[in-house]
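Subject: A structure for you to explore

Hi there,

Here is the structure I promised to pass on to you. Please open it next to this email and look up the residues as you read.

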Amino acid sequence: MNSLFLRSLNRIFSSSCIALAVLIALPGFTSGDLRGVGIDAFDQPAVLAPSANAFVAHSGGPGTGDPASPLSGSIQWKNLDLRGMGFVTGILTHPVTGEIYTRTDVGGIFRWDPSAVRWIALLDDFGNTIADTRNVESFALDPANPNRIFVAYGAYVEASTGDHGILRSDDKGLTWVVTNFPGNVRMGGNSQWRHAGERLAVDPANSNVVYFGSRQNGLWRSLDGGMNWSQIAGVPTGGNNGATRNGLPVNGGITFVTISPAATTAEDGPLRSATVYIGIMEVGVYRSTDGGNTFALLGTQPASNATPLQGKLASDETLYVTLNNAVWRWRSGVWTVITPPVPGFTYSARQWAAVAIDPTDPNRLAINDFNNTPRDLFVSADAGATWIIYTTDPAYAFPPGRHRAVSFKIPAWIREADQAFTYSGAITFAPGNPDQIWLTTGYAVYVYESLSVSPVIANAFDFMAGLEELVGTRVLPLPASAGGGVVAGVMDKGGFVIRDPEAIPASHFGSAAIANSTGIGISAQTNTIVLSLASGSFSQGEVIASDDGGQTWRTLSKPFATHPPSGYGMTLGGDIAVSATDPNTIVWIPLNPSWYPNQHPPVHSTDGGATWSTVAGLPDSFNGVSNPYFGANNVLAADTVNGSVFYAYHENLSTFAGSIYRSTDGGATWSVRNNGGLPGYWRSILQARPGTEGELWYSNTVSTLRRSTDGGATFAINPGWTTVSAFGFGAPHPGESKNTIYALGTRDGLHGLYYSVDDGLTWTRPTGLGPAPLNMMSSVSGDLSLPGRIYAASTGRGLFYVDLFGVASLSGYDAWALEAFPEGTSEEARGPFFDFDGDGLVNIIEYALGTDPSEASRHPGVEIVQIEGGAYLQLQWTRPNDRSGITLYGEVSADLSPDSWTSDAMAVSVVITQAGPEEETVTIRDLTPISASTPRFLRLRVGLGTDEEATFFP
């Protein structure tokens, strides 16, 4: 690259400069006599202050943003890059364009962008209008129109509430319309059998003809492009094969619709394909040969009351069907069972779910077992007569020559043992590459990159960017003394400690394969983290703690000998809190479903969870967390200043009024502090304000925000809100002294994220803050060490973050500092003017030089270079090429007097040249040659910002 003089700016800090070293040449000295005479910090950093480009908080009326603010249209929510978890239930490839789409049970649908190598969410914005659009029952692509997509949505077929319907997009998911599909036909996008299908199908002969197979109400058809629908008479509704959810039957009903393009008909309707196949649970496979007008059982099937799940049609009209316990083939009027015969395994107990046909070869197909993915993939090249197994298990007794090894490529936080049994959704052969297969599972989209290479790489890491659908329960900020960031609780994988949202986490917390985080306790002054994790009814769950900011975890003892019997859903979990000053003092209110009360009374520990005692003074009817799903119920809070004080919210199930209880002895005994003065609801949020003793804030999803400054005795309503569903605290905004409060709710009819810098007196709704599925966000929090950083947990689209002040807040030194220091390093110790490792180089010098701030570093050596017959002083080093946000000054002097130093370009040069793909060399050179009569002195000065220059003394 061309030489340049580094003059980049950082507009977060005001100007400050420090000297690195003075290189001297005196008459008669040789290069071996040269010495560095100073490595000191001369200026202290100025107070953090907003620059001309920083946002100025709006102080106008509620529900407005400042149109002139740089916030307008300049900031966006981003997903944290987790790359995993959540059931990707289906995958489709457009037969003409080769575009790949996926559907999920809680996150909507996505389109793969091969140029960006990431997935694009297509229902986030629409989901803010109709929440259950994220629960996708089925979807379909129009073979004749690549722009048209249909989506059937709705969460639970067995529930009595929720939105259900069918959407259509004519621009690949940029915009959507709601069709006139009957609202009483219920969907089950997050119910049992959601991996079946596809239940939606567009006729390849006529884009206006669309079919939908429902779970309880038979088969439906539209003749006007999906806008209006009618039920086709005489089609069985199907059963559930024993599937239940919360004790209620979950119908599978019609599980797939597959249309043959081989022949057309116009009988009793428009021109359309003549042959349509449908699978019906507990019935079998039906076929229509009159364009969908009538259906009949297809041939003599290998079993009665069958459970077909997926059906795919090959180019030669062969139909392949996976069932709960078998794989069938329909060819030339004959059914044949082609289930893979693997010796030593009882395949009658296996669910053969996913099936795909090679579009270039009708005899080549792939199938997958629902319960054993992605460990086992079966591929046949002869229409199911023989099979090759692709597996991670070398013990499979498969015929010689038909076993292929598989290796995973997954993020580090997913342990292979955790995710091997994660359910399969669907399979597709890659467009234009029949040697590559895409498989969806309960963890990720896996791409078997090349079936002909051994071992085959099942790659999820490189094919999951953007497809985030973890269910978040809570985000809670870590103290600034712990380095900031948040602890994020999630379903299924416990959660993560997040300090750098741009980095894929190295690990999750929770030793169990499936762990759902319901409670998070953080010791405000000691930085200990304690979490409660719920799991299925087969287990008590667990409580874990970290004493080093989330790097390592220990399991606490279990105080209960029993747990609710099978059928009571999630067990234990609940909410938890830890003393602000004593990490050994913990209060735990376990999960007690309201229909199974008083099994697990609230307990406390004074020895870090080694032993537990039942607390005194809380009501017998205390039910703790009554519903851990989709957002934990936060009923406990520890005072952030007084380590002896804890608070608890209790709802009276008879009056539905909420009360505050307080303990002043570390949670051992409790007394009522506010009796019935708060609204009751199944999900409540109680938080103690960081750094302020006795200050509490409360909200729930159906009422407004309230504040107490007297330890919960009284609460004042924060005016202007209709509802506040989540809130949290962050660092003061630039120029402010108080914690910023972030709240998600509705003011003056406008739903969105708001913030207040003045204790809730005024609120600002940033304009241009999007896109994000705000109605799916269950928890929000600021970062106590980084102004304007906000985190959010969603109920199906993973974890989000946004920087209100743009990318500058994470550029240059600030971004480097997040990675360069060990977790738990205090804000002061990772500041630019602190010498973290005590080697004489303050942190900003380490940043400029590219040395390690955690280890004693040797600064660049002194040298004299010969150039065109002259000898010149030079300082030179090589460093990473990402050192933005600082200014390097070379300064020279003839006598070391304060006024003699100059950085004039005619006197000293600073040149940066490329040294490699990721490295650069910095050369600072005195432009006056050394002479016998004149001494020369050379030094480096590093500045954070150039608006002013700080005084410098050698």
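This is a predicted model: local features need pLDDT of at least 70, side-chain atom pairs count only at pLDDT 80 or more; totals for chains, interfaces and linings use all residues.

Residues are numbered from 1 along each chain as its sequence is written, and side-chain values use heavy atoms, with hydrogens and water left out.

**Aromatic rings**

A pair of aromatic rings is described by the distance of the centres and the angle of the planes. Rings of Phe, Tyr and Trp (for Trp, its six-membered ring) pair if their centres lie within 6.5 Å; planes under 30 degrees apart are called stacked, over 60 edge-to-face, and the rest tilted. By this rule there are 28 aromatic pairs.

Phe370 and Tyr423 are stacked, because their ring centres are 4.5 Å apart and their planes at 10°. Phe370 lies in the loop between strands E28 (365-369) and E29 (376-380), and Tyr423 in the loop between helix H2 (416-419) and strand E32 (424-430), so the pair ties together parts that are 53 residues apart in sequence. (Helices, H or I with at least four residues, and strands, E with at least two, are DSSP runs numbered from the N terminus.) Phe370 is buried, with a relative accessible area of 7%, whereas Tyr423 is partly exposed at 37%. Here buried means under 20% relative accessible area, exposed over 50%, and partly exposed in between, with a 1.4 Å probe and protein chains only.

Trp721 and Trp763 have ring centres 5.0 Å apart and planes at 80°, so this pair is edge-to-face. Trp721 belongs to strand E56 (residues 721-730), while Trp763 sits in the loop between strands E58 (750-756) and E59 (777-782), 42 residues apart. Trp721 is buried at 8% relative accessible area, and Trp763 is buried at 1%.

One aromatic cluster is formed by Trp112, Trp119, Trp438 and Phe463.

**Cavities**

The structure holds two cavities of 30 Å³ or more. On a 1 Å grid over the protein atoms alone, a cavity is a set of points where a 1.4 Å probe fits but cannot get out, and lining residues have an atom within 4 Å of a point. Grid points are joined across faces, edges and corners, and a volume is the space filled by probe spheres set on the points. The largest cavity has a volume of about 50 Å³, and its lining includes Arg474, Asn634 and Phe727. Strands E36 (472-477), E52 (684-688), E56 and E59 each give two or more residues to this lining.

**A sheet**

Look next for an open sheet of four strands, in the order E7-E8-E9-E10 with antiparallel pairing. Two strands pair if DSSP finds at least two bridges between them. Strands E7 (136-142) and E10 (177-178) stand at the edges with a single partner strand each, so one side of each has no neighbour in the sheet.

**Backbone details**

Most residues other than glycine have a negative phi, and most peptide bonds are trans. The bond joining Ser454 and Pro455 is cis, with omega about -5°. Glu317 is not a glycine, yet it has a positive phi of about 75°. Asp748 also has a positive phi, of about 50°, and is exposed at 55% relative accessibility.

Enjoy exploring!

How values were computed: On a 1 Å grid over the protein atoms alone, a cavity is a set of points where a 1.4 Å probe fits but cannot get out, and a pocket is an open set with protein on both sides within 12 Å along at least five of seven lines; lining residues have an atom within 4 Å of a point.
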